[in-house]
Amino acid sequence: MYELIKFIHISTIILFVGTVYFRTFVILKIVSSFPKDQAIKIQQAMGNKARNIIKINNLILIISGMLLLFLYTNNSSLILHLKVLLGLILVVGFYFVPILFNKFEADQKFKTIFHYLFFSLLMFVVLLSQFIYSF
């Protein structure tokens with residue numbers, strides 16, 4: 001059962017990171033080549049589809065991560081707990097990004113910086129996962 005839960009967890013992480021990567025490094029570059037009204041339509045069309053998929057994905061990601069943590073982990077590694085905390089903040093934070101952008105009426109520069117920061121933090125969580133049992 002452990003292997004199945006771990007496979008599901010890693011698969012959902014790959015999908016989440018891949019979606020954020022696509023949004024950050026592909027869509028933001030593509031839309032800069034179009035007029036603003038078309039760019040907004042492109043972002044909405046692609047972003048809404050991806051967001052709907054990732055909403056379900058992230059629920060599975062949280063559940064599988066919690067199962068791994070509570071059922072199969074008997075390690076009190078500080079790195080593990082940092083990874084779990086930061087990962088949860090990012091996964092749950094994903095649901096609130098549109099609200100954040102709308103509330104603060106974020107401009108494109110802020111959105112771009114935010115996406116780069118978000119992706120960097122995701123990569124940091126992945127990096128932390130490689131050092132959980134090292135210390």
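Colleague: At what angle do helix α3 (residues 78-103) and helix α4 (residues 108-129) pack?

Modeller: Helices here are DSSP runs of H or I, at least four residues, numbered from the N terminus. This is a predicted model, so local features need pLDDT of at least 70 and side-chain atom pairs pLDDT 80 or more, while totals for chains, interfaces and linings use all residues. Axes are lines fitted to C-alpha atoms over the stretch in contact, with angles running from 0 to 180 degrees between N-to-C directions. The α3 and α4 axes sit 9 Å apart, at an angle of about 155°.

Colleague: Are α3 and α4 roughly parallel or antiparallel?

Modeller: Under 35 degrees counts as roughly parallel, over 145 as roughly antiparallel, 65 to 115 as roughly perpendicular, and the rest as oblique. The angle is about 155°, so the pair is roughly antiparallel.

Colleague: How far apart are the axes of α2 and α3?

Modeller: These two pack at an angle of about 160°, which makes α2 roughly antiparallel to α3. Among the residues in the contact are Ile-54 and Leu-61 of α2, plus Val-91 and Phe-94 of α3. The axis separation is 11 Å.

Colleague: Is Ile-54 buried or exposed?

Modeller: Residues are numbered from 1 along each chain as its sequence is written, and side-chain values use heavy atoms, with hydrogens and water left out. Buried means under 20% relative accessible area, exposed over 50%, partly exposed in between (1.4 Å probe, protein chains only). Ile-54 is in helix α2 (residues 36-72). Its relative accessible area is 1%, so Ile-54 is buried.

Colleague: Which helix holds Phe-16?

Modeller: Phe-16 counts as buried too, at 2% relative accessibility. Not counting residues up to four places away in sequence, Phe-16 touches Ile-54, Phe-94, Phe-118 and Leu-122, among others. It lies in residues 2-31, helix α1.

Colleague: What separates the C-alpha atoms of Phe-16 and Leu-122?

Modeller: The two residues are 106 apart along the chain, and Leu-122 is one of the residues Phe-16 touches. Their C-alpha separation is 9.2 Å.

Key. Contact means heavy atoms within 4.5 Å.
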